[in-house]
Structures are given as C-alpha cells and as structure tokens.
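Here is a friendly walk through the model shown below. Take a moment to look it over, and then we can follow some of its contacts together.

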Number of protein chains: 2
Amino acid sequence: MPEKPEVLNHEIVTDTAIFRIESQLLRFSNGVERTYERLVGKGNHAGAVMVVALDDDHNVMLIREYSAGTECYELSLPKGLIEHGENLFDAANRELKEEIGYGAEHIQFLTEMTVSPGYMSYRLQVVIATGLYPEKLEGDEPEPIIVVPTPLDEAINLTASEDITEARAIAALYMARDRLKQSEMSDEIESIF
Amino acid sequence: MPEKPEVLNHEIVTDTAIFRIESQLLRFSNGVERTYERLVGKGNHAGAVMVVALDDDHNVMLIREYSAGTECYELSLPKGLIEHGENLFDAANRELKEEIGYGAEHIQFLTEMTVSPGYMSYRLQVVIATGLYPEKLEGDEPEPIIVVPTPLDEAINLTASEDITEARAIAALYMARDRLKQSEMSDEIESIF
C-alpha cells in the first residue's frame, strides 16, 4: 500500500448551517500534488448511528419519512446523530424512542460504515436492537414518521425495488441477516453439546 | 403516504469547486414549515456509476485507492461520473478501462442507490460487468490504483472488516451475489427442461 499523501495545506472553504467544506492540497508519495474538497464534521455531534430494530418475530422496523435530498418518501432505517456525552447505545435507544416509539433491551454493535469516503469524512455506526418495548420520546420531525414493521427477508427483497434505495440501509439489512444467521447457528451448536 | 411538502422558497447557498448546497424552505402537508440544506448536482455530469466487475471465476475486481474524505486507503469498487452524451454502459466500460485496465463484453443494470437521501440529491447506478478483456485507458488518478481480484464470497466477508466500509460497495456486493444466484438457478431450471 502506498504511503499516505502529505497534507501540504488545508482550509475551510465554506461553513453553512449544516455543511462544512474543507479544501486540502495533498502531495502523494510519487510527488503528484492535487487539491481535494471534502465534507467534514462541524463538531456539533459525536458521530451517527443507524439501527436495525427487530421484534421477536424478526420483523425489522422500517420507517418512511420525507427525504429532502431526493425529494421523496422512501423506506429506510431509524438513524440520527450521537450527541456529545451520549454513548452509541444510548443514542440508538433515544433515536428508536423518538422515531418508532420503542425502546430496546438489547443493543449490539454490527459495523461501521462510510458513505462517500472520497468526499466525506462521515462515518456511521450500525447496531442491532432487540427486546423492543413501547416507549415514546418526542423527536424533532416536522410530521409523524410512518413505521412499517417488515419481515427481514422481505425487507431485503425490497432493496431490489425503488422503495429502499439508501445504500447504508441496504448494507445494514444484509449484514444484520448474516449476523442473525451466525448467532442462530452458534445457538444450535450450543444446544447440541 | 403524506402529500409531498411544498417548496416555498429555494436558493443556492454556496457553490464550490465540486459542491453545490441549496437551501429549501418546505411546508409539510400538516402546515409545519422547515428549512433544509441539501447537496445538489452541479450539472457537469449525467449521474454516476459503480461497477461490480467479475472475471470468469467469479472474482470481483476490488480496488484500493486513497480516499480524501476518510483520509485512508480502503478497498471499494470502481466508480465514476457519467459524462454528458455517454450512456450508463459506456461510462461503466470507460471507468473499468481507466481504473482496472479491463473492458467488459457484457454489462447489465443491477440497481439504483442513494447515499444520503435526507441531504443529497445524488443517485448512483450500479451495474455488473462480465466477459472482461485487458484494455487500459489513461485515467486522472494521482497515483496508480491497486486492483485486488477477490472471490465474491470472500469480498462479502471483508465487509465485516475495516477494509471495506463503503455502504454503496457493501450493498452492491450483496445484491450482485443475489443476482448471480438467481441467474444460476434459472440456468439450472433451463438445463432441466
């Protein structure tokens, strides 16, 4: 693997209500210099979390809400920012209570993802939440979020339709199914011995 | 599903070398008004394509290159912008020739994805390329891209490691495997009858 490029210069190009754009002048190990622009965090949060919340029948809690970027209502997974002083699991539980009206007894880490590593420093933690119980916290949504409990296999089939297009959600659903299969297999092995 | 919010006002907040940020004042169907910022395309291209390129032994062509957003070298899939006047399949073939040094005899559409529908209008087309043959076109990369042919199942296992973190690539690998299984099953059914 090549040595990382050296950052010769960097500056904030612009800072809007929610976006911060940085320009970096890089020198690659072969001597080539190139300027890149990238979106960086504004420091007002401690990362982001996406939640694969499963009820006892392996229904995943999909949500439908307005996406201002793509200008349509699409199915996706609950997610939100981790606030300063909050850990990943508390943030996941709070987002669930705000977005789907459930808390979770068990939350386990699944993976960390990036969405556009060439242009964004953004990283997202993905967790699986189980042991759901009704509890509602007020969120800041402009209109109620529609919750659509869906069998996990059916949700994965929906990723081939236009109703679930968000790459993070698609990846999270597939990876959660793999994780569940693994834990069921180890449960079976345990029950044999 | 609620009626789409009405766009009461919109303006370009900033326009940098590669990013354009728009502000939209929305009125939701329940009367709530909210201002959103979103990244929109700059109009200098006709979308983007990501390629799951498979050789005859079902090795997928992973690439390793520097990601300025996350500041590290990660494995991902070849991708790039579709130029005006170029169709999806020509763009995919050009990117392959530039990034991995292969052209493809067959390219089929797999899916369309979004990466952050709440904040970005961006949509990506994903294709599967097969029938690879050596052909190199010069790209604009600052240093050579490292090509890592990897069995498809092993690549999917790598998504659980820190070496493949990009949600689009993870989703594309899983969905390509599903598509291949489906076409193998239909080939088997055809060979029975």
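Let us begin with Glu71(A), which is partly exposed, with a relative accessible area of 29%. This is a predicted model, and the values that follow are computed from it. Which partner does Glu71(A) find for a salt bridge? The partner is Arg38(B), and the closest N and O atoms of the two are 3.6 Å apart. Glu71(A) sits in the loop between strand 5 and strand 6 (72-76) of chain A, while Arg38(B) belongs to strand 3 of chain B, so this pair joins two chains. Is Arg38(B) buried or exposed? With a relative accessibility of 6%, Arg38(B) counts as buried, because the limit for that word is under 20%.

Now look for Arg38(A) and Glu71(B). Their side chains also meet in a salt bridge, at 3.6 Å from N to O. This pair crosses between chains as well, running from strand 3 (residues 33-40) of chain A, where Arg38(A) lies, to the loop between strand 5 and strand 6 of chain B, where Glu71(B) lies. Arg38(A) is buried, at 6% relative accessible area, whereas Glu71(B) is partly exposed, at 27%.

A further link between the chains is made by Arg123(A) and Glu74(B), whose side chains form a salt bridge of 3.8 Å, N to O. How many salt bridges does the rule find across the interface of chain B and chain A? The count there is 4. Polar contacts can be traced across the interface too: 34 residue pairs are found, with both residues at pLDDT 80 or more.

Step back to see the interface as a whole. On chain B, 64 residues are in contact with 64 residues of chain A. The area buried between the two chains is about 5,600 Å², and carbon and sulfur atoms give 62% of it.

Which parts of chain B supply the side that touches chain A? Strand 1 (6-15), strand 2 (20-27), strand 3 (33-40), strand 5 (59-67), strand 6 (72-76), strand 8 (102-114) and helix 3 (167-192) of chain B each provide at least two residues. Helix 3 of chain B gives the largest share, with 7 residues. Sorted by class, this side of chain B holds 33 nonpolar, 15 polar and 16 charged residues.

One aromatic cluster brings together Phe28(A), Tyr36(A), Tyr66(B) and Tyr73(B). Over all chains, a search of the whole structure finds 7 aromatic pairs.

Finally, turn to salt bridges inside chain A. Asp163(A) and Arg64(A) form one, with their closest N and O atoms 2.9 Å apart. The pair links distant parts of the chain, 99 residues apart: Asp163(A) is in the loop between helix 2 (152-158) and helix 3 (167-192) of chain A, and Arg64(A) is in strand 5 (residues 59-67) of chain A. Asp163(A) is partly exposed, with a relative accessible area of 24%, while Arg64(A) is buried, at 11%. How many salt bridges does the rule count over all chains? The count comes to 34.

Definitions and conventions:
Residues numbered from 1 in each chain as written. Chains lettered and ligands numbered in written order. Predicted model: local features only at pLDDT ≥ 70, side-chain atom pairs only at ≥ 80, totals over all residues. Heavy atoms only, no water. Phe/Tyr/Trp six-rings, centres within 6.5 Å; stacked < 30°, edge-to-face > 60°. Contact = heavy atoms within 4.5 Å. Buried area = accessible area lost by both parts, 1.4 Å probe. Polar contact = N/O pair within 3.5 Å; in protein donor to acceptor, adjacent residues only side chain to side chain. Helix = DSSP H or I, 4+ residues; strand = E, 2+ residues; numbered from the N terminus. Nonpolar A, V, L, I, M, F, W, Y, C, P; charged D, E, K, R; others polar. Buried < 20%, exposed > 50% of the residue type's maximum accessible area, 1.4 Å probe, protein only.
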